[in-house]
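Welcome, and thanks for taking a look at this one with us. Please have the sequence and the 3D view open side by side as you read.

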Amino acid sequence: MADKEKYLTKLFGLKNLHKIEVYLQNGGYEAAKKAIKTKKPQDILNEVKAANLRGRGGAGFPAGVKWGFVPQGVEKPKYLCVNADEGEPGTFKDKYIMSHNPHLLLEGIIITSYCVGIHQAFIYIRGEYEMIARRLEKAIEEATAKGFLGKNIFGSNFDLEVIVHRGAGAYICGEETALLESLEGKRGHPRLKPPFPASIGLFGCPTVINNVETIANIPFIMARGAEWFTQIGLPKDGGTRIFGVSGAVKKPGIYELPLGTSLRELIYNYAGGLPEGKKLKAVIPGGMSAPVLKADEIDIPLDFESLMKAGSMLGSGAVIVIDHETSMLDVLRVVSKFYAHESCGQCTPCRVGVAWINKIVQRIAAGGGQPGDLETITRLASAIKGKTLCPLGDAAAMPILAIVEKFKDELLDQIGSLKDN
Amino acid sequence: MMDLSPETRKKITQLTAKYPQKQAALLPVLHLIQNEMGYIPQEAEIWVAELLGLQPVRVKEVITFYTMFLEKPIGRYHLQVCTNLSCTLAGAEHILNYLIKKLGIKPGETTADGRFTLTTVECLGACEQAPCMMINFDYYGNLTPEKIDEILDGLE
Ligand SMILES: Cc1cc2nc3c(=O)[nH]c(=O)nc-3n(C[C@H](O)[C@H](O)[C@H](O)COP(=O)(O)O)c2cc1C
Ligand code: SF4
Ligand code: FES
């Protein structure tokens with residue numbers, strides 16, 4: 001991509017960008033100032049809706065539509081929760097936004113909160129990112145000292161407080177209702193929906209929940225407009241994504257590219273292709289929950305619709321590349337172990353089903369595979385899909401089903417050869 | 001009475017005031033206690049429950065739900081090796097086995113001198129530096145046996 005199309009990560013190379021002076025020297029907080037001083041909340045909402053900014057956390061729901069669900073004119077306070085849990089295996093992009101440019105996130109939070117009428121925002125950040133949490137707190141201090149946060153922001157009558165809240169090691173807390181429970185000081189047990197958080201969320205009040213990268217897009221939409229946004233990427237799926245590439249590539253890392261960039265291009269042109277002597281076998285295109293694609297399925301544009309049509313998903317934009325020497329049984333083992341470990345235990349199909357699949361896979365890996373094992377795994381996974389309280393059940397079932405279906409012959413061979421040893 | 005430093009107590013008071021409901025401060029308060037004491041002792045559970053107006057069982061429930069909260073003291077350096085997919089693809093098993101041999105302990109155990117505790121963890125959000133691990137709150141990536149030797153030698 002021409003570098004001019006990058007905007008989220010464009011300044012990342014600057015020294016000390018995380019300090020407010022450097023951010024200000026580069027146009028920082030201009031968008032928030034413009035929003036608060038010259039725009040009505042409804043104008044901003046219309047702009048974000050027109051941009052059709054789709055959520056960057058996983059499901060791709062349009063942010064403007066979500067904000068529009070929040071009831072206005074109610075007595076109760078409203079809250080913003082920024083989802084910085086970043087637990088989806090393969091995902092590490094939000095870390096770069098928060099550590100390189102924490103003020104960009106704060107600026108997005110200010111505009112979002114002003115638009116929806118929110119006076120208290122929480123950044124729910126995974127517990128392991130303690131250093132980044134400290135950096136965010138420092139940034140909040142700097143912004144408060146300048147009058148960009150706190151009382152009467154930019155001399156207006158708008159108040160906003162931002163609190164960094166650390167999680168404590170539980171993947172499920174990335175799920176939005178589990179996140180709310182966790183923020184309230186409880187175990188991360190997802191809630192039944194509806195009601196949706198937009199009407200009944202944190203402390204029973206209307207709540208907006210958005211991913212870090214989603215919120216980081218807001219200042220740019222504010223400054224440059226919806227039309228500019230829809231011209232990058234695809235008309236209905238505009239802007240860039242920060243793709244995180246890991247696994248068997250020469251240059252793992254983040255790559256900011258317009259939506260609709262081909263998966264092949266990302267792997268070969270940007271991430272440097274596979275290391276010498278390695279051949280491509282499979283790709284997980286959107287975090288571990290995304291069903292695997294085979295090597296011959298990578299000529300596909302990276303956008304929500306295209307991946308859905310291909311039976312997978314864009315999810316968190318985390319691309320995991322698997323080479324020909326990797327055993328898919330090993331991949332299946334890691335995937336099933338992860339979800340068995342992370343199930344919160346509220347629903348029987350998820351709690352029992354995933355643990356059972358994991359046991360079967362462990363037994364196969366130990367050389368005890370039996371005829372019919374793959375069928376049993378398929379049957380169990382199908383019994384989880386669509387039958388659980390939160391999407392973790394599906395997130396576990398879908399990748400497992402895809403691996404078994406697409407790599408059946410390899411898995412059968414392995415069951416046989418492991419037994420012979 | 002709980003043996004907490006005045007600084008931590010002050011931070012706890014400030015924290016609980018920030019939230020619309022004080023119970024919401026449970027996770028941050030537990031983090032502060034663990035940062036100071038290294039784990040969350042039984043007496044702290046009771047103390048926190050009283051402070052936040054919670055049943056002690058609610059506190060216990062939370063401590064056992066979240067993997068980062070520790071109910072028992074561990075070694076001075078907590079080595080957490082990621083064994084999720086990107087790290088596995090980059091040889092996490094090899095790294096883990098090297099540490100098991102070098103330290104003479106299995107995952108979940110602490111060395112006899114109390115210096116090191118070894119655990120395996122799920123994705124740490126540093127897959128671009130696979131294979132990786134955390135030691136306390138610091139990340140170490142692109143691990144090799146040589147690099148591990150160097151890192152461990154560099155610790156006090
Ligand atoms: C099991 C599970 C884990 C999730 N983890 C995350 C996460 O770590 N970060 C995130 O932003 N969204 C995560 N999500 C998606 C959130 O539930 C929610 O859709 C998202 O934060 C909404 O933000 P967005 O619309 O801006 O994408 C997860 C969902 C599920 C089901
Ligand atoms: S699907 Fe799994 S993680 Fe989600 S609520 Fe049910 S048991 Fe918990
Ligand atoms: S898989 Fe190891 S850090 Fe993500």
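Here is a short briefing, grouped by topic.

This is a predicted model, in which local features need pLDDT of at least 70 and side-chain atom pairs count only at pLDDT 80 or more, while totals for chains, interfaces and linings use all residues. Residues are numbered from 1 along each chain as its sequence is written, chains are lettered from A and ligands numbered from 1 in the order in which they are written, and side-chain values use heavy atoms, with hydrogens and water left out.

**Strand β4 of chain A**

- All 5 of the 5 residues of strand β4 (residues 207-211) of chain A are buried, so the strand is largely enclosed by the rest of the structure; buried means under 20% relative accessible area, exposed over 50%, and partly exposed in between (1.4 Å probe, protein chains only).
- Helices (H or I, at least four residues) and strands (E, at least two) are DSSP runs, numbered from the N terminus.
- Both faces of β4(A) are covered, with A:T207, A:I209 and A:N211 buried on one side and A:V208 and A:N210 buried on the other.
- Strand β1 (residues 79-84) of chain A pairs with β4(A) in the parallel sense over 5 bridges, where pairing requires that DSSP finds at least two bridges between two strands.
- Opposite A:T207 in β4(A) stands A:Y79.

**Helix α8 of chain A**

- Helix α8 (residues 176-183) of chain A is mostly covered, as 7 of its 8 residues are buried.
- Those buried residues of α8(A) are A:T177, A:A178, A:L179, A:L180, A:E181, A:S182 and A:L183.
- Their cover includes β1, β2 (120-125), β3 (161-166) and β4 of chain A, together with α2 (26-37) of chain B.
- Just after α8(A), A:G185 takes a positive phi of about 95°.

**A:A355 in chain A**

- You will find A:A355 in helix α13 (residues 348-368) of chain A.
- A:A355 is partly exposed, with a relative accessible area of 32%.
- Leaving aside neighbours within four places in sequence, A:A355 is in contact with A:A340 and A:C350; contact means heavy atoms within 4.5 Å.
- The C-alpha atoms of A:A355 and A:A340 are separated by 4.8 Å, although the two residues are 15 residues apart along the chain.

**Chain B as a whole**

- Chain B has 7 helices and 4 strands, running α-α-α-α-β-α-α-β-β-β-α from the N terminus on.
- The C-alpha trace of chain B spans about 50 × 30 × 25 Å along its principal axes.
- Of the 156 residues in chain B, 52% are buried.
- Among contacts in chain B between residues at least 6 apart in sequence, 60% join residues at least 24 apart.
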